[in-house]
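Biologist: Before we discuss particular positions, could we place the model in view and then go through it by question and answer?

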Amino acid sequence: RSFLIHSTYTTDTKSREENKKTIESLYRLSVDIKKIRRLKEWVLLQDVAYVKEIAGILQEMGADETAVANILERCPEAILHTPAEINSQRALWQLVCQNEKQLIKLIEQFPESFFTTEYHENQKANILFFQELGIKNNIITRFLTSAPNIFYNPVEKNKNVIETLQRSYLSLGGSDANMKIWILKLLSQNPFILLNTSTAIQENLEFLQKNDFTDHEVLQLLSKLKGFIFQLTSTTMQKSMLFSKNVFKCSDQELKQLVLKCPALLYYSVPILEERLEGLLKEGISIAQIRETPMVLELTTQIVQYRIKKLSALGYDIKNGSLESLNGTKKDFEVNYGKIQSKKERPIFNPVAPIRIED
């Protein structure tokens, strides 16, 4: 995003000098100018900058001196926008922020997202569209900060993708009553779906259907993959499935069941699957074990090694045990680890059992 602003302002920076007025204004605000020189020196070369004005707007919103300096160090291109542009952006973000305290906190955390003003009209139209869809303001603010690119699209493009998803959901057997909830959940999990084209979405769904996944199973995969399936291509999915089929030496029907059990077999590319498989085999884990618990391929090699090491310290032999104990989130693993640990520490006799006279 800063590249867009950069290219708008200057073409030949080598022959230009730093703007002394800009430097002085930034210095008065206790901004680390060396940091800006190191990362985005081109900002300091511009003839026009609005340092005092932008700092003033941030202070009006409740930013203290440290916060202002931090924002301008992280996103110095902010000073190249006019006060009118920033006030328009301020009014726009206030549509979804509870108050200015929340707004300034978001600007501190995600200055680049806030100071990208080139797509102001698109941003506004998309915010209103998301509100009409029923997406809560706190989710929209999360989109603005973590997935700002989706607001740069013309609103018609985003509407088109949503309509394609709605049609697909209904054609796969989803009900009208649940469609809105399904769409909102999908978007909140993965807003980047909106960066895809309607054609790509349709092609990926058709690929799954051609591979004998039933409509219900396709819906199941979409939910499990949180919409990430739309960021794939039929070619990459085909390669990943073929790789898994060869590794596990299974039929098409067995492969389908494995994919439903572990959608990562569809989502991850062949090089990633290869690397993770090799990591497991090096630990002495067999292909049969992996086939029984394919979800273990969702974990990176480093995580697997760390978990095996912890379990081994308790005397748990992963080569002969179930891989289920390796699975899940960090929290899931800690719970499983705790159970194995307590089982190991439990006394082998019952101290409250009555003593037999013969003994």
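Predicted model: local features only at pLDDT ≥ 70, side-chain atom pairs only at ≥ 80, totals over all residues.

Biologist: Is Gln89 buried or exposed?

Modeller: The cut-off for a buried residue is a relative accessible area under 20%. Gln89 has a relative accessibility of 0%, so Gln89 counts as buried.

Biologist: Leaving aside neighbours within four places in sequence, which residues is Gln89 in contact with?

Modeller: Contact here requires heavy atoms within 4.5 Å. With the neighbours within four places in sequence set aside, the residues in contact with Gln89 are Ser113, Phe114, Thr116, Thr117, His120 and Gln123.

Biologist: Where does Thr145 lie, and which residues is Thr145 in contact with beyond its neighbours within four places in sequence?

Modeller: Thr145 belongs to helix α10, and its relative accessibility of 11% means that Thr145 counts as buried. Once the neighbours within four places in sequence are left out, Thr145 is in contact with Trp93, Leu106, Phe110 and Ser113.

Biologist: How many aromatic pairs are there, and why is the pair of Phe130 and Phe151 edge-to-face?

Modeller: By the rule that ring centres lie within 6.5 Å, the count comes to ten aromatic pairs. For Phe130 and Phe151 the centres are 5.4 Å apart and the planes stand at 90 degrees, so the pair is edge-to-face. The pair links distant parts of the chain, since Phe130 is in helix α9 and Phe151 in the loop between α10 and α11, 21 residues apart.

Biologist: What span does helix α12 reach, and which helices do its buried residues pack against?

Modeller: Helix α12 has 14 residues, 176–189, and reaches 21 Å from its first C-alpha to its last, which is close to the 20 Å expected at 1.5 Å a residue. Its buried residues are Met179, Trp182, Ile183, Leu186, Leu187 and Ser188. The helices that these buried residues pack against are α9 (120–133), α10 (137–146), α11 (155–171) and α14 (215–224).

Biologist: Which residues line the largest pocket, and how are they divided by class?

Modeller: The largest pocket holds about 280 Å³ of space. Its lining is formed by Lys224, Leu225, Lys226, Phe228, Pro263, Ala264, Tyr267, Tyr268 and Glu298. By class, that lining has six nonpolar, no polar and three charged residues.

Biologist: What volume has the second largest pocket, and which elements give two or more residues to its lining?

Modeller: The volume of the second largest pocket is about 180 Å³. Among the residues that line it are Gln238, Met241, Leu242, Lys245, Asp252 and Lys256. The elements that give two or more residues to this lining are α15 (234–248) and α16 (252–261).

Biologist: Finally, how exposed is Gln305, and how far apart in space are Gln305 and Ser175?

Modeller: Gln305 is found in helix α20, residues 301–313, and is partly exposed, with a relative accessible area of 40%. Gln305 and Ser175 are 130 residues apart in sequence, and in space their C-alpha to C-alpha distance is 44 Å.

Technical notes:
Residues numbered from 1 in each chain as written. Heavy atoms only, no water. Expected span 1.5 Å × (residues − 1). Buried < 20%, exposed > 50% of the residue type's maximum accessible area, 1.4 Å probe, protein only. 1 Å grid on protein atoms, 1.4 Å probe; cavity = no way out; pocket = protein on both sides within 12 Å on 5 of 7 lines; lining within 4 Å. Points joined across faces, edges and corners; volume = space filled by probe spheres on them. Nonpolar A, V, L, I, M, F, W, Y, C, P; charged D, E, K, R; others polar. Phe/Tyr/Trp six-rings, centres within 6.5 Å; stacked < 30°, edge-to-face > 60°.
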